[in-house]
Amino acid sequence: MLKDYLQELEQHPTPFFAYDLKLLRQTLQQVKKEADKYNFQVHYALKANTNSPILTEMVAAGLGADCVSGNEIRRAIESGFSPDHVVFAGVGKSDAEINFALEQDIFCFNCESSHELAVLNELAAEKNTVARIALRINPNVNANTHKYITTGLEENKFGINSWELPDVLKQLQQLQHLRLIGIHFHIGSQITDLSAFRNLCTRVNEFQEWFLSHNVALEHINVGGGLGVDYYHPEEHPIPDFEAYFSLFNQFLELRPGQQVHFELGRALVAQCGSLISKVLYIKKGMTTNFAILDAGMTELIRPALYQSYHKIENMSSQLSEDKYDVVGPICESSDCFGKAVMLPETNRGDLIAIRTAGAYGEVMASQYNLRDKAQAVYLN
Ligand SMILES: Cc1ncc(COP(=O)(O)O)c(C=O)c1O
């Protein structure tokens, strides 16, 4: 429970991110246990959180790394991930990023367009090497999540569309510096309805059939990430249901002998272990509710402003009777609001406020807008 750490939390200048490393370790133990049942390989999606102590835990748990930039690859390797377990996705890989990844001889490039294949081939040729690649295919599966974190629909910019595949296969025959080892998918993030993953399995099976009918054997099937977490009940559900998640893929993916299945999980591994801790600066009377004005804002956690996302807000200092507050930050933007009409115990200046489930896509998206200082990270053991 976050409240168990209250004394420690009270000692640090706010705002800051607090990471519960014990919960992170429990989460990683659980994910490994469930994935190992089926020999599934899990890569941690660094984009969710790139703090060194977090990456150290990922390496210790034996996970691979899923990167979307050259700097993420550099950070992953510096943190101890083996290049043999690094995958690299992204619709806009720059030449410098590709060259760096080639020099590191990473496990696999997840390629997102025919143009990218041509450029990667050229750069690999210059280095007289062969890049292992997986085609990121857009499966046109609806993830039923927020439109900004839906990635697997044909209208999205990600991946190669199914109708392009015949041409891409022809193209690959000419590209001698690429070796096709697999196919890759990622349909979106914060997916809580597992039926979206079941639909993904059906599409993967159809693509597998198609490749086989074109005499292409695939060694690796990468189904991406996207498993959601419970933002509403972080204490009751601190660890996602990895058992149900992996068993669904085991049940519905039709694998060929020797094929390896890969996952790229970010949010599900780190979201619940992090909280943004802030103090109340001011209470101000509004038209219908009071405003609780915090010293943390969208510069620390942009998700509510960007995706209208929900984060549970807790007053850790007060046990008085409840009232309604619009909980807002100090930034000069109306969207700088963590929650409207939130029921909180009577809240006063100086109270410690926890914004829960902020470990993923929180600190990594922080900005220095308004020339704000960067919030520190505190690790709770
Ligand atoms: C290609 C790819 N893989 C994996 C992830 C991780 O997703 P999540 O944090 O939802 O597991 C993302 C997130 O956007 C992604 O773009």
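Predicted model: local features only at pLDDT ≥ 70, side-chain atom pairs only at ≥ 80, totals over all residues.
The contact between them draws 17 residues from domain 1 and 16 residues from domain 2.

## The interface between the domains

About 1500 Å² of area is buried between domain 1 and domain 2, and carbon and sulfur atoms account for 56% of this area. Across the interface of the two domains, six residue pairs are found in polar contact, both residues being at pLDDT 80 or more. The side of domain 1 that touches domain 2 comprises, by class, nine nonpolar, five polar and three charged residues.

One salt bridge is found across the interface of domain 1 and domain 2. Arg-356 forms a salt bridge with Glu-235, with a separation of 2.9 Å between the closest N and O atoms.

Leu-276 belongs to strand E11, which covers residues 274-285. Leu-276 counts as buried because its relative accessibility is 0%, and buried means under 20%.

Not counting residues up to four places away in sequence, Leu-276 touches Pro-15, Phe-16, Phe-17, Ala-296, Glu-300, Leu-301, Phe-338, Ile-353, Ala-354, Ile-355 and Ala-358. Among these contacts, Ala-358 is 82 residues from Leu-276 along the chain, yet the C-alpha atoms of Leu-276 and Ala-358 are separated by 6.1 Å.

Technical notes. Residues numbered from 1 in each chain as written. Heavy atoms only, no water. Contact = heavy atoms within 4.5 Å. Buried area = accessible area lost by both parts, 1.4 Å probe. Salt bridge = Lys/Arg side-chain N within 4 Å of Asp/Glu carboxyl O. Polar contact = N/O pair within 3.5 Å; in protein donor to acceptor, adjacent residues only side chain to side chain. Nonpolar A, V, L, I, M, F, W, Y, C, P; charged D, E, K, R; others polar. Helix = DSSP H or I, 4+ residues; strand = E, 2+ residues; numbered from the N terminus. Buried < 20%, exposed > 50% of the residue type's maximum accessible area, 1.4 Å probe, protein only.
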